[in-house]
Amino acid sequence: MSLRKRFFLLSLVVALALVGFVLFYWAPKAEFQSLKKLEIDISSKLEITSSALVPLILQKNFAAIYEDLDTLLKENSDWVALEFRDAKGRRIFPLNEIQPPKGKTIRIYNHKITFGKNTLGTLWLAVDTRKSLAYLKSQQRELTVVLIIGILAALIIAVYFIERFVSRPAQLLSQAIDRLAEGDYQSPLPETGNDELGRLSASFNKMRKDLLKNAGMIERLGQIMDESVNEIYIFDSETLQFSQVNKGARNNLGYSMEELNRMTPIDIEPEMTEESFRNFVKPLLWEKRPFITFTTVHRRKDDTLYPVEARLQLSKIIEPPVFVTIVQDITERLETERQLLDVNDNLEKQVKERTAQLRMENEARKKAQRVLEHHEERLRTILETAPDGIITIDQTGIIESINPAAEAIFGYEHNEIIGKNVRVLMPEPVSGEHDGYLKNYLKTGKPRIIGQAREEEGKRKNGEVFPISLTVGETNVRGEVLFTASLRDITKYKAVEKSLRRAKIKS
Amino acid sequence: MTGSLSIPNFEASINLGKFDFAYMNPYQVLQAIKKQEYVPLVRNGGRKLQGIIVVRKDSPFTTPELLDGKKIAFPSANALGASILVRAELREKFKIKILPVYVQTHSSVYLSVILGETAAGGGVLSTLDKQKPAVRNALKIIYKTRLAPPHAVMANSMVLRRQRGKVRRAFLEMAKTKEGRRLLEKIPMRDAVTASAADYWPMAAWGLEKIYAGPLMKKADGK
């Protein structure tokens, strides 16, 4: 049953219940209450009338009595008959005798008019409650009619709104979802506003977009699978018939998809019978193992064979479950492995030869090293014990070594002078020009002092300038130019020379 | 201008000559004239006052004489037309004694007769005619009294003759215009005509004083 129909019926039942309530419960109750009130009302009116009539009766003012009673009759339309008789029972009002009205709705009231202990007369009143309740009844009818019209109107409006805001959108939505179920992810779902349905629609729309995206992804995944260099086989877990075989496999085997759809793995695996295959896959079906990896051979359509490594698993993602086998043609790999083994053998041989060679070389090197070390030791001893000062500098003038004799001459410790420019050991102006000499020599190859012994001046740590005899040699150690200065403090010699010269002059 | 709260009050005031001008019923006019306290100026030019005796249509009392010793309804003791004129004639002319029952209003008189409370009732034609057909048709008139002159506007004799004349003329002038007549109607006075004591003197012989109960009667008796 449609939502609309269901709602309509439900509302109708409620409406009928409401009308029933009004007609069968509320109305009789109201009527009863009204009658009760009417009774009280009439009694009170008769009482008042009696009181008013007393003086008139005593005065025999019939006109006033008539006027009063006439007025009462006129004012109370439900008072269908009113009679006043005096104490003797003679009819005073009205003039003519009346036929007592009859009917279910007629109620009779008798009211004695007394004055002190005397009864002056009796009022007899017939009331037609139908008339009394006419207003109530008309109100009831009006209420019922209004109720029915109101309910009908409300129903129509509600049905319209349900149609407009629920049924139609729901129908559109349901159609759209059907399309979605059929795989049409392209057509968008209807926009139905901001209510629950609208949100539902929006959710479905989002789902549709996701599905669209996923569908694309699945398609791409399918393509990827199809394009895979691996051979992928999907076959039914019961019939074993191939349902999908990717391009790589088809090309390698030489079968078309139509052909493969009629085949089972046994047709391409000559090493297997159906029985052995079924036994083979049992651990998967019984879920004892998640997958089986094995190597076997496949037979192409042209009956040639090729070795494969296969990984077989049961996929329960779709119903009924299928086997998925990912297979690799290992022909090339086997070949490569074989070649690799060959290369390996070769390499091993070479390594052995080379190792022997290296061992020999090593021993020779060790020997040379020992010789070298010995040599160096000797050299160092020579240097350290040499009476002359020996200083080596590099091509930029930086002191690389200084022997104890030189240390003594200049007053420097070797660790405070090594790494400094040799200039510090010279007085001006040579000190300032030394770098220039070096550069010049390195550029032109024209030496100023190299190779010849000569007298120069040195400068001690304490600033004393003194004469030295200097010889500079050049060596080339592993491509690097080194200068070796050999020097001697000739202060004493000079002093002797001076005194000799002075003596000579004197003489 | 002033009014009185009740008829006895009014009549007492007339006795004392309290008003310069006064509107009186014929009996009061007669008494005032007798005392020479007031003089008539104008009176209603319309129908004269006449009492009637009614009985039920099926009543055996077809003449006033038959009502001797019977209960007769009247509105009140001093109602001139319905009560005094009728009772005076029954007494003076028919020499019968009746038991008057005063029932406040003319309508009550008629109802009383119909309901059989009284054998007959005293009324006037105009009120009988105003009854509902059911009442009117249930009754028959068995006697009509003499015609009494109508109400009159009286002037205190202390008021100057010239001024009395002015007032009388003013009334007479009013009666000539539509607007004036409309005003006079409210008194009620159908038409205004000059009134004279002579109009009222015949009533002096009707023996009304014996019937009347009130200040005027006492004074009259006192004289």
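**An open sheet and its surroundings**

Tutor: Start in chain B, where four strands form an open sheet in the order E1-E8-E2-E9, with antiparallel pairing. This is a predicted model, in which local features need pLDDT of at least 70 and side-chain atom pairs pLDDT 80 or more, while totals for chains, interfaces and linings use all residues. Residues are numbered from 1 along each chain as its sequence is written, and chains are lettered from A and ligands numbered from 1 in the order written. Helices (H or I, at least four residues) and strands (E, at least two) are DSSP runs, numbered from the N terminus. Strands pair if DSSP finds at least two bridges between them.

Strand E1 (21–24) and strand E9 (192–194) of chain B each pair on one side only. Strand E2 (residues 38–44) of chain B meets E9(B) through three bridges, and the two run antiparallel. In that pairing, Arg43(B) has Val193(B) in E9(B) as its bridge partner.

Now the core. A nonpolar core is a set of buried Ala, Val, Leu, Ile, Met, Phe, Trp, Tyr and Cys residues joined through C-beta atoms within 7 Å. Buried means 20 or more other C-beta atoms within 10 Å of a residue's own; exposed means 12 or fewer, and partly exposed lies in between, with C-beta atoms placed from the backbone. The largest core has 80 residues. Ile65(A), Val54(B), Ile84(B), Val113(B) and Met154(B) touch the most other members. Helix H3 (residues 80–92) of chain B gives the most to this core, seven residues. A second, separate core has 18 residues, including Ile390(A) and Leu470(A).

Take Val54(B) as an example. Beyond its neighbours within four places in sequence, Val54(B) is in contact (C-beta atoms, placed from the backbone, within 7 Å) with residues including Tyr110(B), Val113(B), Leu128(B) and Ile141(B).

Next, the two chains. 12 residues of chain B are in contact with nine residues of chain A. Helix H4 (residues 106–114) of chain B supplies the largest share of the chain B side, five residues. From chain A, H2(A) comes to meet it. Phe62(A), Ala63(A), Ala64(A), Ile65(A), Tyr66(A) and Leu69(A) of H2(A) are buried. The buried residues of H2(A) pack against H4 of chain B, together with helix H1 (3–59), strand E1 (79–86) and strand E2 (91–93) of chain A.

Then compare a strand of chain A. Side chains alternate along strand E5 (residues 231–236) of chain A. Glu231(A), Tyr233(A) and Phe235(A) point to one face and are buried. E5(A) has antiparallel pairing with strand E9 (residues 322–329) of chain A, over six bridges. There, Phe235(A) stands opposite Phe323(A). E5(A) also pairs with strand E6 (residues 242–245) of chain A, again antiparallel, over three bridges. Tyr233(A) faces Val245(A) in E6(A). E5(A) and E6(A) form a hairpin with five residues between the strands, and Leu240(A) in this hairpin takes a positive phi near 70 degrees. Another positive phi, near 60 degrees, belongs to Glu287(A), which follows H9(A).

Last, chain A as a whole. Chain A has 14 helices and 14 strands. Of its 507 residues, 15% count as buried. Among contacts in chain A with a separation of 6 or more, 47% join residues 24 or more positions apart.

Terms used:
Two residues are in contact if their C-beta atoms, placed from the backbone, lie within 7 Å.
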